[in-house]
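Trainee: I have a model open and would like to learn how to read it. Please take me through its features one at a time.

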Amino acid sequence: MREDIAIATATFYKNVNDARLPLAIKTIQNATAAGHIIVVVDESPDLNVSKLIEKETAIEVHRVCGWKFKGMANSRRHALELAAKKAEIIVWMEPEKYPFVEFVLELAKVLIAQGADMLVPTRISVEGYPIIQQMFERINNALLELVAGQKIDHCVGVRVMNRRAVKYILDYRSKVGDN
């Protein structure tokens, strides 16, 4: 089943000294050690970031160049598109969340068992987050619940989905902007 799962993520670090870069490398290493496919799209202005990730993880990093994919939302879409070509189940996650890798297989099984197109995990608590972030996330999730009619931890950042859900994301084009 692991070969049917691809983790997609996008990176952007000012340079190789960014404190978050070792966490992203650990995420990639954990994913490959667990037998998962991982797709990384990097938009860092310093080419040495991509080179370091490739050196430390032995994976190919896809560089974002040119206007077509510029911006966070487009980098994410590009990572999802590449991952969907490699696996049936795609997990979007932030690159620094290395502890989450151990839950990928379990969540993929839930997605399949429920017959869902997308699964959005829920955190038990946001304790330990900065107070302003806790408040923002609670307000954001409450507003989304009013609009969607469902309680969803929208700010969790992780999405587990099938190719059908990826297609909807790839086809979405905001009139306002989504970067």
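Predicted model: local features only at pLDDT ≥ 70, side-chain atom pairs only at ≥ 80, totals over all residues.

Trainee: How do I read the helix and strand labels?
Mentor: Helices (H or I, at least four residues) and strands (E, at least two) are DSSP runs, numbered from the N terminus. Take Leu 111: it lies in helix H4, residues 104-114.

Trainee: Is Leu 111 buried or exposed?
Mentor: Buried means under 20% relative accessible area, exposed over 50%, and partly exposed in between (1.4 Å probe, protein chains only). Leu 111 has a relative accessible area of 2%, so it is buried. Look also at Val 160, 49 residues away along the chain. The two C-alpha atoms are separated by 7.3 Å.

Trainee: What is the volume of the largest pocket?
Mentor: Start with the idea. On a 1 Å grid over the protein atoms alone, a pocket is an open set of points with protein on both sides within 12 Å along at least five of seven lines; a cavity is a set where a 1.4 Å probe fits but cannot get out. Lining residues have an atom within 4 Å of a point. Grid points are joined across faces, edges and corners, and a volume is the space filled by probe spheres set on the points. Here the largest pocket has a volume of about 900 Å³.

Trainee: Which residues are closest to its centre?
Mentor: Met 72, Ala 73, Arg 76, Trp 92 and Gly 157, out of 28 lining residues. Strand E1 (5-11), helix H3 (72-84) and strand E6 (159-162) each give two or more residues to the lining. H3 has the largest share, with six residues.

Trainee: How does the lining divide by residue type?
Mentor: Ala, Val, Leu, Ile, Met, Phe, Trp, Tyr, Cys and Pro count as nonpolar; Asp, Glu, Lys and Arg as charged; the others, Gly among them, as polar. The lining of the largest pocket has 15 nonpolar, five polar and eight charged residues.

Trainee: How many salt bridges are there?
Mentor: Side chains of opposite charge can pair when their charged atoms come close. A salt bridge is a side-chain nitrogen of Lys or Arg within 4 Å of a carboxyl oxygen of Asp or Glu. The whole structure has seven. One of them joins Arg 63 and Asp 42, at 2.7 Å from N to O. Arg 63 is in strand E3 (residues 61-63) and Asp 42 in strand E2 (residues 37-42), so the pair ties together parts 21 residues apart in sequence. Arg 63 is partly exposed at 26%, whereas Asp 42 is buried at 0% relative accessibility.

Trainee: Which residues form a network with Arg 123?
Mentor: First see its bridge to Asp 153, at 2.9 Å from N to O. Arg 123 is in the loop between E5 and H5, and Asp 153 in the loop between H5 and E6, 30 residues apart. Bridges with shared partners join Arg 123, Glu 137 and Asp 153 into one network. Arg 123 is buried at 19% relative accessible area, and Asp 153 is buried at 9%.

Trainee: Which residues make the nonpolar surface patch?
Mentor: Patches are made of residues with over 30% relative accessible area and no salt bridge; like charges are joined within 9 Å, nonpolar side chains (Val, Leu, Ile, Met, Phe, Trp, Tyr) within 5 Å. Accessible areas come from the Shrake-Rupley method with a 1.4 Å probe; for residues, only the protein chains shown count as cover. The patch here covers about 810 Å² and is made by Ile 131, Ile 132, Met 135, Ile 139, Leu 143, Leu 146 and Val 147. Ile 139 is in helix H5, residues 131-148. It is exposed, at 54% relative accessibility.

Trainee: What is the phi of Ala 58?
Mentor: Near 60 degrees, a positive value in a residue other than glycine. Ala 58 is in the loop between helix H2 (47-57) and E3, and is exposed at 72% relative accessibility.

Methods:
Residues numbered from 1 in each chain as written. Heavy atoms only, no water.
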